[in-house]
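Thanks for making time this morning.

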Amino acid sequence: MPNGMSHLFIPGPTNVPDAVRRAMNTPMQDHRAPDFPELTLPLFEDLKKILANETGRVFLYPSSGTGAWEAAITNTLDRGDRVLMSRFGQFSDLWVDMATRLGLDVVCVDVEWGKGVPVAQYEQHLADDPSIKAVFATHNETATGVASDIAAVRRAMDAQDSDALLFVDGVSSIASVDFRQEGWGVDLAVTGSQKGLMLPAGLSILGVSEKALEASTRTGMERCYFDFADMLKTNDAGYFPYTPPVPLLHGLRVALDLLFAEGLPEVFARHHRLAEGVRRGIAALGLELCAAGPEWYSDTVSAVWVPEDVDGAEVCRIGFDRYRTSFGAGLSRVAGKVFRIGHLGDLNEVTCLAALASAELSLADAGAKVELGAGVAAAQTYYREALAERESRSRLPRADESK
Ligand SMILES: *Cc1c(COP(=O)(O)O)cnc(C)c1O
């Protein structure tokens with residue numbers, strides 16, 4: 001084994017903090033024991049804080065994020081229901097594929113990769129077609145590093161008096177960037193354990209609004225494993241309808257404690273700061289992001305166009321073979337054209353500088369004309385300024401102290 005650690009900059013799974021890893025290394029225990037709810041009930045409550053879901057519920061399924069997509073659809077929609085979706089990257093594409101295969105009548109707006117949810121077109125569709133039962137939005141398209149404005153989607157729905165359910169894929173945004181299930185009127189919010197929550201894959205998390213819960217009692221497709229009703233029967237007492245992945249739940253406990261100790265606003269600010277430094281570094285290398293403009297920038301993943309004569313897959317291969325760094329490859333339509341730097345979860349400024357340094361090396365070796373050190377220097381300059389500014393802000397008297 002070579003010395004030192006490997007560097008993981010894919011946008012999921014993300015790095016698992018040591019404390020979380022240690023917490024998962026536990027003897028197996030009885031998931032029907034009287035003390036089990038002491039672990040689970042606070043988890044349900046704390047996940048609601050992560051989602052900013054005050055009045056609804058959170059369900060935890062032993063699956064990757066895709067399982068929560070399926071749970072959300074099968075519990076609240078019927079075969080043949082008309083739904084409004086949009087597609088602008090691998091993950092939004094897969095969601096459309098699932099909805100189609102489950103028999104929904106999908107109205108899909110195709111958007112140029114690099115942009116996100118087309119709010120004005122959504123509003124037009126809602127105005128033209130009152131039969132739309134659900135609106136789907138991918139909050140953060142992980143394939144292109146594009147974030148969308150979910151509050152604006154809700155405003156468009158409200159402007160058309162739409163009664164549709166709002167489904168949001170927050171797998172690569174929730175717990176890393178601001179997310180407000182209640183505030184944005186999100187009926188079904190999907191995430192997974194291996195991104196912002198800094199755990200291995202294996203738990204999907206589904207925030208459900210009261211309205212969606214109510215819908216699940218009168219509609220929905222055939223479902224069994226994912227049935228909300230079975231979850232409800234057991235979850236209130238702190239149990240599951242089947243064997244839960246207990247070590248992951250112990251890991252989740254510690255991951256949530258870490259996020260709350262840092263403070264969610266500070267977690268979101270950190271992700272923004274780290275992302276901004278990476279963006280400045282990319283720009284200083286003369287490279288461009290797949291995201292078509294600042295309004296689409298993602299604070300959790302940057303997808304970078306490689307120069308025309310360079311193969312993005314080669315950048316990733318060199319990164320892995322020579323520099324023990326994993327970057328995200330370009331997926332489907334942008335395969336070979338972009339490589340991705342995941343910057344979410346357990347990382348800091350110096351971690352991101354390492355990502356940029358390794359990207360510079362890999363790009364140069366793959367034939368790109370980049371100036372070694374230019375990206376790192378730009379990010380260093382930004383991080384110094386941003387951290388100094390944060391410190392001076394925290395020294396100012398707070399409003400409540402100066403009274
Ligand atoms: C990771 C991811 C998913 C879910 O993938 P799983 O492999 O099933 O966990 C869904 N949507 C987005 C935007 C993602 O980033």
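Helices here are DSSP runs of H or I with at least four residues, strands are runs of E with at least two, and both are numbered from the N terminus. This is a predicted model, in which local features need pLDDT of at least 70 and side-chain atom pairs count only at pLDDT 80 or more, while totals for chains, interfaces and linings use all residues. Residues are numbered from 1 along each chain as its sequence is written, and side-chain values use heavy atoms, with hydrogens and water left out.

Which helix gives the largest share of the shell around the ligand? That is helix α3, residues 65-76, with three residues. The shell (residues with a heavy atom within 4 Å of the ligand) includes Ser64, Thr66, Trp69, Asn140 and Asp169.

Of the 380 Å² of accessible area that the ligand has on its own, the protein covers 88% (Shrake-Rupley method, 1.4 Å probe).

Let me turn to Val135, which is found in strand β5, residues 134-138. Its C-alpha atom is separated by 9.4 Å from that of Arg154, 19 residues apart along the chain. With a relative accessible area of 0%, Val135 is buried, a label that requires under 20% with a 1.4 Å probe and protein chains only.

Key. Buried means under 20% relative accessible area, exposed over 50%, partly exposed in between (1.4 Å probe, protein chains only).
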